[in-house]
Amino acid sequence: MTYEPGSFSEAGPWLVDPERMSWRVGIAELRADTLASLPEMVRARGIPPLDRFAGAGFRLGGALVLWAALERKREQPEARAALSRRLRKAFERLGPAYIKLGQIVSSGRGLFPDEVVEEFATLRDRVPPESFAAVRAVVEQDFGRPLEEVFERFDEQSLAAASIAQVHSARLRSGEEVVVKVQRPQVAKLVRSDLRAMAWIAPFLVGRIPVAALANPPALVELFAETISEELDFRLEAENMLDIARLLQDAGQTKLVVPRPHPELVTRRVLVMERLEGYTLAQAAEMRAAGIDTEAVLRALLISFLEGAMIYGVFHGDLHAGNLFVLPDGRVALLDFGMTGRMNPKQRQAFMRLMVTGFTNDIPGHLAAFRDLGALPEDADLEELSRALKLDRPPVDPTQLTGQELVSEIQDVLKHLLAHGARLPKHLMLYVKDLIFIDGAIGDLAPDVDLFAEVGRIFAYFSSTHGERIAREIGDDAQFAKLDLTGFKASLGLRGDVETLTHRELLRRREIVRKRLEDAGGPRL
């Protein structure tokens with residue numbers, strides 16, 4: 001008997017019956033074996049992979065030298081745009097690890113200069129593709145038969161190309177319109193080499209660069225290895241699609257859609273799925289003209305993301321503009337499930353407490369949740385940390401500080417966090433990465449939405465939909481009863497009596513801070 005778990009389109013090209021999908025045989029063991037192989041992948045060796053170090057030095061160093069010689073003296077922002085373009089090209093040539101880094105940067109609108117974000121956005125899905133001959137070879141090797149025996153039509157030009165794979169439009173011999181994701185032939189070898197380079201250098205960064213120390217470089221390497229190792233096997237990605245779809249159905253979310261993976265045509269390097277089409281985030285004006293409520297689109301995306309993490313412990317771990325689009329009916333189609341955030345029950349409950357205490361301005365509880373998530377040592381003195389970070393004092397408005405004062409404030413915060421052993425655990429890094437993207441998406445979909453009112457709506461949703469479960473799991477029936485945005489406002493440098501703030505206003509504040517830091521020679525935001 002076939003059945004359709006999860007959030008799929010109403011009239012798909014085939015039914016989804018996980019029990020009859022041949023590629024799912026042994027999938028749990030495959031995931032376990034992949035995780036078990038990680039320690040060897042990130043083991044620091046005595047001799048680094050000199051070829052990758054030399055290649056990175058040549059590409060990145062060459063880009064900086066040419067920029068300094070030819071373009072550095074141009075007017076800003078032209079000089080920044082030229083540097084961004086040269087670095088983007090260097091990242092493309094260096095391969096998957098650097099392209100992934102560029103994708104993260106491209107999601108940071110408001111945190112990085114616009115020239116950098118716009119240039120690196122091409123790394124989401126416009127990396128130079130492999131030749132069609134190489135694509136054909138991978139497909140025929142994995143399916144064990146000629147391309148024409150499987151597909152009635154297979155477009156030679158790719159729809160999109162990124163770090164790990166590229167996608168092509170096709171039609172099956174049985175008539176269904178599909179998208180075919182094909183892994184780049186040499187990507188696995190490059191990834192292993194990049195991981196060896198990263199594992200070798202990461203321990204040397206601990207404690208030497210404050211921001212890098214806070215981010216925990218060895219954990220960053222482990223995170224990259226864990227996520228990209230699963231991305232290298234499309235059977236695991238297809239299983240992630242089923243998992244996310246199932247939790248969306250369990251949550252009653254009808255605003256998000258997952259494409260169906262094919263029942264049989266999934267291998268380690270090839271993934272056939274149903275084709276969905278819609279608007280990109282850059283087409284917000286076209287969406288509004290078509291009658292789509294873009295604020296509702298954003299709200300659905302954010303709620304489902306938080307719900308996956310807080311309630312189910314599983315969430316899409318690689319949100320960026322190339323990995324989703326909006327269907328004509330206003331629903332959000334999620335794509336590219338190679339990277340998922342997964343938390344065990346203890347981590348999920350700690351994350352739930354983190355969100356609840358943030359909503360209710362419970363500073364001690366918020367710090368305790370960070371500790372339980374692994375961001376602080378078990379024996380961290382939370383009261384002392386709160387005093388050191390001045391959380392018990394009125395907020396300082398960063399837009400009212402000079403550049404030097406801003407640099408001093410940032411250095412002071414980093415100093416105290418590091419002194420108390422702060423680190424970003426792997427699952428929290430993925431969460432922050434997705435939040436950076438969502439922050440940028442607000443600028444596209446709802447730049448004038450009142451952020452405080454929106455938080456109130458999301459709070460109301462979780463209170464009414466999951467309130468009993470949240471109260472039961474955090475062990476406090478009253479804790480989730482009243483919204484208090486004082487702490488949220490303080491994190492933005494705003495007083496508690498500030499009643500409204502749009503994303504457009506927030507970006508203006510960030511630009512003031514960024515410019516003053518730049519003028520003072522301090523770290524960029």
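A residue counts as buried when its relative accessible area is under 20%. The views below are taken from a predicted model.

**View A. The aromatic pair of Tyr461 and Phe462, with Phe462 buried.** The relative accessibility of Phe462 is 0%, so this residue counts as buried. The rings of Tyr461 and Phe462 are arranged edge-to-face, with 5.3 Å centre to centre and 90° between the planes.

View B. Phe132 belongs to helix 7 (residues 132-143) and Phe154 to strand 1 (residues 151-154), so that the pair links distant parts of the chain, 22 residues apart. Phe132 has a relative accessible area of 16% and is therefore buried. Phe154 is likewise buried, with a relative accessible area of 10%.

**View C. The packing of helix 14 against helix 19.** Helix 14 (residues 294-312) and helix 19 (residues 426-445) pack with their axes 10 Å apart and at an angle of about 170°. Because angles over 145 degrees count as roughly antiparallel, helix 14 is roughly antiparallel to helix 19. On the side of helix 14, the contact comprises Thr294, Glu295, Val297, Leu298, Leu301, Leu302, Phe305 and Leu306. These residues meet Tyr431, Asp434, Leu435, Phe437, Ile438, Ala441, Ile442 and Leu445 of helix 19. By class, the residues of this contact are 13 nonpolar, 1 polar and 2 charged.

**View D. A cluster of aromatic rings that includes Phe305 and Tyr431.** Ring pairs join Phe305, Phe315, Phe351 and Tyr431 into a cluster. Of these residues, Phe305 in helix 14 and Tyr431 in helix 19 also take part in the helix contact of View C.

**View E. Lysine charges placed over phenylalanine rings.** The charged end of Lys181 sits over the ring of Phe234, at 5.2 Å from the ring centre. The ring of Phe452 has the charged end of Lys489 over it, 5.0 Å from its centre.

**View F. Glu118 in helix 6.** Glu118 lies in helix 6, which spans residues 114-120. With a relative accessible area of 48%, Glu118 is partly exposed. Glu118 and Val432 are 314 residues apart along the chain, and their C-alpha atoms are separated by 20 Å.

Methods:
Residues are numbered from 1 along each chain as its sequence is written. This is a predicted model: local features need pLDDT of at least 70, side-chain atom pairs count only at pLDDT 80 or more; totals for chains, interfaces and linings use all residues. Side-chain values use heavy atoms; hydrogens and water are left out. Axes are lines fitted to C-alpha atoms, for helices over the stretch in contact, and angles run from 0 to 180 degrees between N-to-C directions. Helices (H or I, at least four residues) and strands (E, at least two) are DSSP runs, numbered from the N terminus. Angles under 35 degrees count as roughly parallel, over 145 as roughly antiparallel, 65 to 115 as roughly perpendicular and the rest as oblique. Contact means heavy atoms within 4.5 Å. Ala, Val, Leu, Ile, Met, Phe, Trp, Tyr, Cys and Pro count as nonpolar, Asp, Glu, Lys and Arg as charged, and the others, Gly among them, as polar. Buried means under 20% relative accessible area, exposed over 50%, partly exposed in between (1.4 Å probe, protein chains only). Rings of Phe, Tyr and Trp (its six-membered ring) pair if their centres lie within 6.5 Å; planes under 30 degrees apart count as stacked, over 60 as edge-to-face and the rest as tilted. A charge sits over a ring if NZ of Lys or CZ of Arg is within 6 Å of the ring centre and within 35 degrees of the ring normal.
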